[in-house]
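Please look through the sequence and the 3D structure shown here before reading the report.

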Amino acid sequence: MVKISLLEAPICAGSPTLGSDQAFRSLTEHGIRAAVNEGIELVPMKHPVMKETDADPRLHSVDEVMAVSNRLYENVKKVLSEGSFPVVIGGDHSVAMGSIAGVSSVYGPDELSVVYIDGHTDINTEKTSLTGYIHGMPLAAAMGLCTDRLTVGNKVNLYGKNTYIVGARSIDEGEYPIVEEQGVHLYTAAEIRKRGITDVVGEILSSIRTKAIHVSFDVDSLDETEFPSTGYRMPGGMMLEEVETVVETLFATGRVVSFDCVEYNPTLDESGEDRVKLFEIFSRCQDMLALNGEEKE
């Protein structure tokens with residue numbers, strides 16, 4: 001059986017909303033081990049409390065964000081080196097800088113693709129961002145397009161041609177040129193509704209040529225009626241079944257080596273219904289990993 005490690009990335013300072021930093025604690029306290037696998041390894045991280053040494057309105061809370069991203073980078077590298085499968089629980093989506101860098105340090109950017117399931121494109125730089133919040137910059141940072149202050153590991157951990165954004169429906173004007181210039185594959189929520197998720201994910205699979213795939217799942221990719229426990233509720237999003245189709249199809253290739261789940265805010269999930277939805281996604285991922293492991297044996 002494939003060993004799974006659940007890594008905490010306790011940060012919400014990369015966004016303007018509070019609560020997502022509590023996701024790991026909430027999921028573990030409410031039985032994620034029983035829902036997924038009793039033998040799952042938990043890798044907690046102490047939430048840093050920091051004073052900004054050089055406040056920059058273009059990079060809100062940059063010291064705190066980078067402290068978490070750099071620790072996560074080391075944790076992902078360690079887990080992968082031990083032969084375990086890292087599942088990163090954010091936190092806001094700035095943590096993708098750490099997870100992508102960690103996976104890239106093992107496989108290299110030439111052999112790493114990222115499938116980024118998100119209601120946003122998160123490919124702003126500090127120059128194009130309208131808000132200065134870093135959770136909107138992780139893909140640009142991973143491609144080496146941002147200030148060195150956002151560098152984790154190598155300057156370039158990801159190539160645009162190996163990047164697939166799925167479900168975006170809130171895209172800043174300054175992000176479109178970056179997507180085009182970097183050769184990023186963008187599948188908006190509107191395109192998914194028009195073509196169907198099966199067609200879209202089939203096209204993605206036919207395009208990916210790398211040995212390794214990192215899946216980064218932001219719960220705000222889901223429609224606001226489908227998953228309200230996030231600081232970014234937006235209409236016109238994906239349905240849970242569509243996200244499950246993407247995840248299961250990718251995992252079935254046997255090339256997925258790591259997984260992020262971000263922007264879940266347990267303080268907005270009083271009924272626990274959305275937590276159960278996440279447990280179901282994690283469980284399906286584990287089933288696919290176990291199946292792939294059996295086939296390799």
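The report below describes a sheet, one of its strands, a helix and a cavity.

## About the model

This is a predicted model, in which local features need pLDDT of at least 70 and side-chain atom pairs count only at pLDDT 80 or more, while totals for chains, interfaces and linings use all residues. Residues are numbered from 1 along each chain as its sequence is written, and side-chain values use heavy atoms, with hydrogens and water left out.

## The sheet

Strands of a sheet pair through backbone hydrogen bonds, either parallel or antiparallel. Here eight strands form an open sheet with parallel pairing, in the order E2-E1-E3-E8-E7-E4-E5-E6. The edge strands are E2 and E6 (185-188), each of which pairs on one side only, and the twist averages 15 degrees from one strand to the next. In these descriptions, strands (E, at least two residues) and helices (H or I, at least four residues) are DSSP runs numbered from the N terminus, and two strands pair if DSSP finds at least two bridges between them.

Strand E1 covers residues 4-9, and six of its six residues are buried, where buried means under 20% relative accessible area with a 1.4 Å probe, protein chains only. Ile4, Leu6 and Glu8 point one way from E1, whereas Ser5, Leu7 and Ala9 point the other way.

Which strands pair with E1? Six bridges join E1 to the parallel strand E3 (residues 85-90), in which Phe85 is the bridge partner of Ile4 and Val88 stands opposite Leu7. E1 also pairs in the parallel sense with strand E2 (residues 41-43) over three bridges, and there Ser5 stands opposite Glu41.

## A helix across the sheet

Helix H8 (residues 197-207) lies across E4 (112-117), E5 (163-168) and E6, and runs at about 170 degrees to E6; axes are lines fitted to C-alpha atoms, for helices over the stretch in contact (heavy atoms within 4.5 Å), and angles run from 0 to 180 degrees between N-to-C directions.

## Enclosed space

A cavity is a set of points on a 1 Å grid over the protein atoms alone where a 1.4 Å probe fits but cannot get out, and its lining residues have an atom within 4 Å of a point. The count comes to two cavities of 30 Å³ or more, a volume being the space filled by probe spheres set on the points.

The second largest cavity has a volume of about 30 Å³, and its lining includes Met97, Leu150 and Lys155.

Note on methods:
Buried < 20%, exposed > 50% of the residue type's maximum accessible area, 1.4 Å probe, protein only. 1 Å grid on protein atoms, 1.4 Å probe; cavity = no way out; pocket = protein on both sides within 12 Å on 5 of 7 lines; lining within 4 Å.
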